[in-house]
Amino acid sequence: MTHIIFYSGSSNKLQTTCRLCAKAVQKNMKILIYTPGSTLLDQLDELLWTFSPTSFIPHCNILDSDQLVGVTPVILSNQIQVSSPFDVLINLHDQPPNLLDQFKRLIEIAGTSHEDKLAARERYRFYKNAGYEIQHYHLNEQLDPH
């Protein structure tokens, strides 16, 4: 069963996503970042290139060539495909993702706005009611996708 990790209190969800990706890449994990909007995908694409002053987080879009997607550790997508070969799904959508059982870990990031907190609480309840194991971290704790 998918292990779900919630990080709450993010003042910048895209920065938090980059930090989590950097940690996961160091652990040789393959990550899918799921978000519904192309604008957010474009912002995240740019940020992953510039996040660190001394390096970048290797990434591409799910629509790139299969060969590139196969060798790149972080994939940006507005869709989740059946049999995705990923260890971690970072969900930036306000709804629980489809097909989440094919991932070892699902990471949810809750921002500080009232609307984002409410949406995160709804997702948390959904996972809890479905019987998933959930860990929760406040972002003043160390970020670690395990």
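I took helices (H or I, at least four residues) and strands (E, at least two) as DSSP runs, numbered from the N terminus. I looked up what follows α4 and found Gly-131, whose phi is positive, near 90°.

I noted that this is a predicted model, where local features need pLDDT of at least 70, side-chain atom pairs count only at pLDDT 80 or more, and totals for chains, interfaces and linings use all residues. Residues are numbered from 1 along each chain as its sequence is written, and side-chain values use heavy atoms, with hydrogens and water left out.

Asp-116, Ala-119, Ala-120, Arg-123 and Tyr-127 are buried in α4. They cover an arc of only 100° around the axis (taken from the directions from the helix axis to the C-beta atoms), so they sit on the same side of α4. His-114 and Asn-129 are exposed on the other side.

I then turned to aromatic pairs (ring centres of Phe, Tyr and Trp, its six-membered ring, within 6.5 Å; planes under 30 degrees apart are stacked, over 60 edge-to-face, the rest tilted). I found 6 of these pairs in the structure. Phe-6 and Tyr-124 are edge-to-face, because their centres are 5.2 Å apart and their planes at 65°. This pair joins strand β1 (residues 3-10) to helix α4 (residues 114-129), 118 residues apart. Phe-6 counts as buried at 3% relative accessibility, whereas Tyr-124, at 30%, counts as partly exposed. I logged Tyr-127 and Tyr-132 as edge-to-face too, at 6.2 Å and 90°.

Conventions:
Buried < 20%, exposed > 50% of the residue type's maximum accessible area, 1.4 Å probe, protein only.
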